[in-house]
Amino acid sequence: WNELQIVPGVQVKGGMHFDWANLNEFIKAVDVGMMLNVYPKRIPLLIAGEKIKNSFVYPNFYINFMLGKRKYR
């Protein structure tokens with residue numbers, strides 16, 4: 001615990017939302033996008049130790065499916 005430290009960073013996120021049933025009672029939609037986390041220095045990885053060359057940029061891609069039922073008032 002004495003080796004923990006806070007490293008502030010920046011997150012950039014962009015994506016697209018596709019909705020095929022915006023007027024129907026049943027929701028069918030998909031979100032697709034990318035996130036990018038950037039830190040001012042290389043972040044040490046606890047599980048890898050010194051074996052893996054770590055980075056200061058971490059990209060992520062995501063897909064979010066939405067299914068459900070809407071309630072109209």
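Modeller: Buried residues make up 12% of the 73 residues in the protein chain. Buried means under 20% relative accessible area, exposed over 50%, partly exposed in between (1.4 Å probe, protein chains only). This is a predicted model: local features need pLDDT of at least 70, side-chain atom pairs count only at pLDDT 80 or more, and totals for chains, interfaces and linings use all residues. Residues are numbered from 1 along each chain as its sequence is written, and side-chain values use heavy atoms, with hydrogens and water left out.

Colleague: Why is N37 called buried?

Modeller: N37 has 15% relative accessibility. The cut-off is under 20%, so N37 counts as buried. N37 is found in strand 2.

Colleague: What makes the link between N37 and Q11 a polar contact?

Modeller: Their side chains are joined at 3.3 Å. A polar contact is a pair of N or O atoms within 3.5 Å; within protein, one must be able to donate a hydrogen and the other to accept it, and residues adjacent in sequence count only if both atoms are side-chain atoms. The pair therefore qualifies as a polar contact.

Colleague: Which residues are in contact with N37, leaving aside its neighbours within four places in sequence?

Modeller: V10, Q11, F56, V57, Y58 and N60. Contact means heavy atoms within 4.5 Å.

Colleague: Why is N54 called buried?

Modeller: N54 has a relative accessible area of 17%. That value also falls under the 20% limit, so N54 is buried. N54 is found in the loop between strand 2 and strand 3. A polar atom of the N54 side chain lies 2.3 Å from the backbone oxygen of I43. Beyond its neighbours within four places in sequence, N54 is in contact with R42, I43, P44 and L45.

Colleague: How do you know that strand 1 and strand 2 pair?

Modeller: Count the bridges. Two strands pair if DSSP finds at least two bridges between them. Here 10 bridges join strand 1 to strand 2, so the pair qualifies. H17 has D31 in strand 2 as its bridge partner. Strands (E, at least two residues) and helices (H or I, at least four) are DSSP runs, numbered from the N terminus. The protein chain has 0 helices and 3 strands.

Colleague: What makes strand 1 and strand 3 edges?

Modeller: The 3 strands form an open antiparallel sheet in the order 1-2-3. Strand 1 (10-19) and strand 3 (57-69) each have a single partner strand, so one side of each is left without a neighbour in the sheet.
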